[in-house]
Amino acid sequence: MENFAAIDFETANSERTSVCSVGVVVVRGGEIVDSFYSLIQPEPNYYSYWCSRVHGLCRADTDEALVFPKVWAQVEPLIAGLPLVAHNKAFDEGCLKAVFHCYRMDYPDYEFYDTLRAARRAFPHADNHRLETVAALCGFDLQRHHHALADAEACAWIARAILSDEKKI
């Protein structure tokens, strides 16, 4: 793919509306040209032990953060006209739709591609298809897994390597 935005969300708890951070990496002409990261005050605003254990964020990190609509107002111009790419799009697209619904925002029906599904086709014999594994197979060393921007960068790297414009994956 030549032009897209890779996106990754982390959540505070099991609710898809509880996005607590977002990372976006913009690719144009096959090159990374921009990136964005923000903490987000989650809705509902509590952290489960397991989610905090995964990404290291807690309520103290996001108590002063902007709510989703204010963060999205910064993201939207960066991704305008671009398809979105996520590793396991069911999660990230689900979060995006849920939080749009939660804040009664009109969802623009973003076009989403899935690097997880593409990786299963591209690397059928891989030990697994987790983000860090597939990123390594594509030549990217993911150092800060579960940091939304690091994960979005890994996803962008994977998408450039294995996604084609011909099929929506």
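Buried means a relative accessible area under 20%, exposed means over 50%, and partly exposed lies in between, as computed with a 1.4 Å probe on protein chains only.

## Basis of the model

This is a predicted model, in which local features need pLDDT of at least 70 and side-chain atom pairs count only at pLDDT 80 or more, while totals for chains, interfaces and linings use all residues. Residues are numbered from 1 along each chain as its sequence is written, and side-chain values use heavy atoms, with hydrogens and water left out.

## Salt bridges

Side chains of opposite charge can pair when their charged atoms come close. The term salt bridge is used here for a side-chain nitrogen of Lys or Arg within 4 Å of a carboxyl oxygen of Asp or Glu, and the structure holds four of them.

One of these salt bridges joins the side chains of Arg59 and Asp63, with an N to O distance of 3.1 Å. Arg59 is partly exposed at 42% relative accessibility, and Asp63 is likewise partly exposed, at 35%.

Helices are DSSP runs of H or I with at least four residues, strands are runs of E with at least two, and both are numbered from the N terminus. Within helix 4, which spans residues 89-102, Lys89 and Glu93 are four residues apart and therefore separated by about one helical turn; their side chains meet in a salt bridge of 3.6 Å, N to O. Lys89 is partly exposed, with a relative accessible area of 21%, whereas Glu93 is buried, with a value of 13%.

The side chain of Glu93 also meets that of Lys97 in a salt bridge, at 3.8 Å from N to O, and these two residues again lie four residues apart in helix 4, about one turn of the helix. Lys97 is partly exposed, its relative accessible area being 39%. Through salt bridges that share partners, Lys89, Glu93 and Lys97 are joined into one network.

## The surroundings of Ile7

Ile7 lies in strand 1, which covers residues 4-11, and it is buried, with a relative accessible area of 2%. When residues up to four places away in sequence are not counted, Ile7 touches Val22, Gly23, Val24, Trp72, Leu84, Val85, Ala86, Asp92, Phe112 and Ala152, where contact means heavy atoms within 4.5 Å.

A further relation concerns Ser35, which stands 28 residues from Ile7 in sequence and 9.8 Å from Ile7 in space, C-alpha to C-alpha.
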